[in-house]
Amino acid sequence: MPTVFVIDDRSLLAIGSLIEVGKHIDLFSGMNQLCESGELLFPPEVVKAVRQRGDASLPIDRQLIIWIEAVQGRMECDVAFGHKRAAQLWAQNNGYEEGLDPFADGDSCIVAVVGLILDLLERHAEFVVVTNDFTERPGRAALGSITRKLGCRVQDIQAFAEECMRLCSPAA
Amino acid sequence: MCHTLCMAARRIPITGSVLAWAMAEASVTAREVADHLNVPEATVRAWQDERAMPNKGQLDKLARFLARPASFFFLARPPESKFPTALLRRASGSDKDWRAPSRRDRAAIRSAQNAQEVSRWVAGQTKRSAIDLPSAALTDAPDDFAGRLRSWLGWRTSEQIELRDDEVARALRAHIEEHGILTVNFTLADERYRGFCLPDPVSPLIAINTRDDVRARSLSYVHELAHLCLGVESLCTDEADSRTERWCERVAGCFLLPDAELRRFVADVLGVGTVREVDDVRRLADHFNISNRAAAVRLSQVGLAGSRLYSIVNAQTAAKSRKSERNGVVQTRARRRLQRYGRTYVTQLLSAAESGALSDLDVLEYLNVSRRELAEVRAIAFDKADL
């Protein structure tokens with residue numbers, strides 16, 4: 001059974017700047033393949049956050065927004081309300097008294113992403129969380145710290161991007 | 001079609017006690033929530049008791065109304081309240097006509113608290129030291145303390161006179177921000193609230209109600225600054241009815257209209273011993289670029305006002321409040337965010353992002369802007385030009 005990658009809005013918004021512009025086509029093609037095979041997952045809330053924060057006038061964000069809008073229709077990754085509630089319960093029991101996103105001005109996607117992770121854990125799925133977000137700061141929990149506390153595997157964004165690009169290399 | 005209907009009817013399992021808590025924190029009743037959502041009051045009570053659940057549209061409306069993210073209602077239990085209790089009660093003295101802050105006012109206070117918490121956290125990461133505010137006591141003579149504040153801020157009355165009246169509050173804000181104090185602007189629901197302040201050693205914060213007349217805001221900035229110097233949080237109305245409020249009001253008045261300059265103007269320019277005419281109050285106010293009301297208060301404080309002068313001026317002023325003008329500058333969302341949060345907070349975030357203490361993505365979230373808007377914020381935040 002292949003390993004599933006779980007990714008959030010922050011990792012997606014950061015990924016383009018870690019890779020040379022010339023290799024972006026390979027990056028998005030690789031991510032596309034992973035989406036097609038069900039090996040890359042993110043809930044619809046992530047799509048909304050990327051659209052909201054991304055800047056379509058920047059080439060890298062434009063590609064990201066086009067890509068994410070293209071794949072979202074094919075991805076069935078709605079997170080059940082029960083898992084979102086479980087995410088907030090876990091948060092309150094693990095030092096995030098006001099939940100995972102108390103400062104969010106509107107909606108944020110961290111609760112849905114952590115809900116997805118709890119769902120995968122429940123189903124004993126093989127998965128890796130793609131994130132470099134380990135700095136705890138006020139207002140939004142750091143996904144990396146959460147995954148560590150949950151005992152999940154974490155992959156650095158750059159390493160994930162390279163793995164995606166390898167999928168498109170002739171040798172792959 | 002069927003899918004759309006199913007989605008609309010889908011019920012969302014929120015935590016009733018969390019909803020009840022959020023309503024109490026926002027100071028709203030089940031009736032008010034019901035009216036806003038266009039549902040029976042019994043439905044809201046059923047949500048609180050978990051006998052029923054809202055649908056997606058109702059939850060989204062509820063979240064916006066209570067100024068919380070929708071995911072907040074998935075919490076397992078109500079969090080501990082962080083609301084500063086001093087802001088919910090009259091500081092001391094009279095409780096005449098006191099109304100507790102409304103839902104919108106409380107949301108503004110919470111938003112300011114969040115900004116202060118972020119600023120304090122950034123200070124810890126970047127080793128920013130405490131602000132050396134002049135310390136004050138209620139026993140200090142207001143005119144003396146106002147003089148100390150003017151010299152601490154580098155504020156000159158001559159500069160105040162030269163500015164256009166709608167520039168004074170902005171210039172004052174800039175001086176206050178240069179000293180590292182956070183200044184935020186909110187449109188509070190109740191125009192009786194002029195502003196509030198949240199003391200803190202490294203991230204003291206002043207919030208001003210933009211419903212207030214543009215000239216009156218100068219007085220509010222200094223009034224709240226005086227509160228910070230006393231080290232007490234405040235939520236101030238236009239009625240100074242406690243000793244602390246009266247002292248801060250007096251300091252603010254003396255700051256903008258020092259005793260000596262006031263007496264000189266009345267004697268030499270107006271040529272009267274006691275000011276009785278509203279036109280004279282207006283001339284005084286126009287000269288010093290303060291509100292007519294502030295000028296009338298100052299005249300009363302130094303014993304130069306005729307009887308009922310303040311009441312007459314107050315009645316006329318209340319009828320026409322003038323808002324800030326922006327001289328044709330296009331008010332983009334980025335500019336509005338900068339005006340709301342002030343340069344101190346925004347530049348603290350941007351500098352923290354440059355030093356690696358925060359990421360650009362953190363800044364996007366804290367300011368609730370897109371990457372394009374952040375680029376504009378960055379371009380204008382360090383520029384000294386007027387917003």
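User: How many helices and strands does chain B have?
Analyst: This is a predicted model, in which local features need pLDDT of at least 70, side-chain atom pairs count only at pLDDT 80 or more, and totals for chains, interfaces and linings use all residues. Residues are numbered from 1 along each chain as its sequence is written, with chains lettered from A and ligands numbered from 1 in the order in which they are written. Helices (H or I, at least four residues) and strands (E, at least two) are DSSP runs, numbered from the N terminus. On that basis, chain B has 18 helices and four strands.

User: At what angle do the axes of α7(B) and α11(B) cross?
Analyst: Axes are lines fitted to C-alpha atoms, for helices over the stretch in contact, and angles run from 0 to 180 degrees between N-to-C directions. The axes of α7 (residues 142-153) and α11 (residues 243-256) of chain B come within 8 Å, and the crossing angle is roughly 60°.

User: Which class of orientation does α7(B) take to α11(B)?
Analyst: Angles under 35 degrees count as roughly parallel, over 145 as roughly antiparallel, 65 to 115 as roughly perpendicular and the rest as oblique. The axes cross at roughly 60°, which makes α7(B) oblique to α11(B).

User: How many residues of the contact of α7(B) with α11(B) are nonpolar, polar and charged?
Analyst: Two residues are in contact if their C-beta atoms, placed from the backbone, lie within 7 Å. Contributors from α7(B) include F145(B) and L149(B), and those from α11(B) include W247(B) and F255(B). Ala, Val, Leu, Ile, Met, Phe, Trp, Tyr, Cys and Pro count as nonpolar, Asp, Glu, Lys and Arg as charged, and the others, Gly among them, as polar. The division is eight nonpolar, no polar and three charged.

User: Which element gives the most to the side of chain A that touches chain B?
Analyst: The contact takes 31 residues from chain A and 26 residues from chain B. On the side of chain A, the elements giving two or more residues are α1 (9-15), α3 (44-53) and α5 (81-93). The largest contribution, six residues, comes from α5(A).

User: Is N289(B), with phi near 60°, buried or exposed?
Analyst: N289(B) has a positive phi in a residue other than glycine, and lies in the loop between α13 (278-288) and α14 (292-301) of chain B. A residue is buried if 20 or more other C-beta atoms lie within 10 Å of its own, exposed if 12 or fewer, and partly exposed in between, with C-beta atoms placed from the backbone. Because 22 other C-beta atoms lie within 10 Å, N289(B) is buried.
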